[in-house]
2 protein chains.
Amino acid sequence: MSVLIVGSTALDSIKTPKAENPRLLGGSASHAAVAASFFAPVNLVGVVGEDFPKRYLALYRRHGINLDGLQIKPGKTFHWSGEYEANMNNRRTLKTELGVFETSSPELPPQHRATPFVLLANIAPALQHHVLDQMRRPRFVVADTMDLWLNIALKDLLRLLPRVDGFVLNDSEAQQLTGEDNVFVALRKLHRLGPHYVIIKLGSHGSMLSGSRGHFLCPAYPLRKVVDPTGAGDSFVGGLMGYLAGARGPLEANLRRALVHGSVVASFCCEGFGLNRTTTISRSEIARRVKELEKLTKF
Amino acid sequence: MSVLIVGSTALDSIKTPKAENPRLLGGSASHAAVAASFFAPVNLVGVVGEDFPKRYLALYRRHGINLDGLQIKPGKTFHWSGEYEANMNNRRTLKTELGVFETSSPELPPQHRATPFVLLANIAPALQHHVLDQMRRPRFVVADTMDLWLNIALKDLLRLLPRVDGFVLNDSEAQQLTGEDNVFVALRKLHRLGPHYVIIKLGSHGSMLSGSRGHFLCPAYPLRKVVDPTGAGDSFVGGLMGYLAGARGPLEANLRRALVHGSVVASFCCEGFGLNRTTTISRSEIARRVKELEKLTKF
């Protein structure tokens, strides 16, 4: 089955202590869509400006990503620039130029409205609502978010949560949203806000799933070297949703392995700037790391 | 087989935002010995003053811990007092009174010198050396440490490492000792210092083992509530060594499950002040949490 992915499609200029990379392909939907493309057909929904490089359209297409829902508008593409500190954990935003993203809202081509799996990747909750309003009874909807929306669009986000099956956020966002620093107590409160499945991302420590079959501690694939963590969270949730859409059998039975596959794609993402490394991987490389994770965690 | 455990035997006065508990039984050897006692016979080596409460001697004995190597000397027992912040991660030392610990060194009764498993729990590396000097060809020796010794006794510690089979330290100590913040690179450098097995503790994120069968990511048992983390690291390594000493078959095959059992005993330790919770647990409670960890991590 296919997965519809809506989020930002952007250009990222990323600085680390070792290198500087201007105008890479970025944005939550770009990372998530490429990650998902290894497992299932992807319908991308987003907006870019006329300055959007042709080679990035070609990149999407090379991954079999359907671009019927990608609007190209007069104006500039959303451009983010940021800088990482030496430890690769702390980053600060240098500049955010919204461009055509500022005045657009995601419009779904009619042929996309019945896509069974829907990933509302990180964008404003109001836009996530707008996408759901256009969908016809999707089978499984997951929303990602970020601290920004907790700060400036909390009401919209709280209205969204009862409308989704799964909600993904990181540990500090979970703490901010629930006021609880214990992850179990936070999970309980998050379920009460609506979603049946909650996934808390723990960065390089993996993630935790809470759902009807209890909890799952999903490991992160341990990396020898992190080049650029931008988009790792988006790759995680993209890989997860792609795996679910592509897998046979009941969703509940595939969920844990979906997280592990998301985790593995996210590990590749961190090994290169932007999408440089993710775009080079194959299904067999992913399978190898999944196997390695099995070995690393078995006791 | 039995395990010899040497380290500090102390009184801990522990303050958290919610409670204050004076003169609890503490010290690295106390936590490690009680943790190990669930799996194997333990020979404790340490020193206390005449003020050491009789009820704590009774507590050791209740756990079948052999006290032939516990010296009781004129003077006061080592007394540590510390305070935790609300998040239970940061703690500061309020007072350290060394008492009889200052002028003593661990002397092994002759009947202990052939104990096959040896845990050099956290004390000064010079004292860890002194214990090894008295042992007769032990089968498996593991040393724990802390940042203090990296700062004030680094030379002694570096001389110790080629003499032990396993070395346990936490992630920030590994970074301090190797100058590497990537755990894999740090592990490689730590092996070069001598030990065949290296275990890096990651606090509430578990631990990582590196040895001849590659790496193992050991999960932490996720807790609903942390009351007092004092002694968790000592309980981890104590449970680990106790499990190894008590298990049949080749050591290499038991190592992963030994870490998991240590991890589980450490989780109990965090649920009460000092040894209050650890001393109440049973083998079947430990087995239950090990099973739960299996379920939590399986995919």
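Predicted model: local features only at pLDDT ≥ 70, side-chain atom pairs only at ≥ 80, totals over all residues.
Residues are numbered from 1 along each chain as its sequence is written, chains are lettered from A in written order, and side-chain values use heavy atoms, leaving out hydrogens and water.

Chain A carries 10 helices and 13 strands; these are DSSP runs, H or I of at least four residues for helices and E of at least two for strands. Its radius of gyration is 18 Å, close to the 19 Å from the globule rule for 299 residues, so chain A is as compact as a globular protein of that length. That radius is taken over C-alpha atoms, and the rule is 2.2 Å times the number of residues to the power 0.38.

Some numbers for chain A:

| Item | Value |
|---|---|
| C-alpha box along the principal axes | roughly 50 × 45 × 40 Å |
| Buried residues | 61% of 299 residues |

Buried here means under 20% relative accessible area (1.4 Å probe, protein chains only), and areas come from the Shrake-Rupley method with a 1.4 Å probe.

Now the interface. In chain A, 26 residues touch 26 residues of chain B, with contact meaning heavy atoms within 4.5 Å. The two chains bury about 2300 Å² between them, 64% of it on carbon and sulfur atoms. Leu217(A), Arg224(A) and Phe299(A) supply 33% of chain A's share, more than any other three residues. Buried area is the accessible area (1.4 Å probe) that two parts lose on being put together, summed over both.

Methods
Buried < 20%, exposed > 50% of the residue type's maximum accessible area, 1.4 Å probe, protein only.
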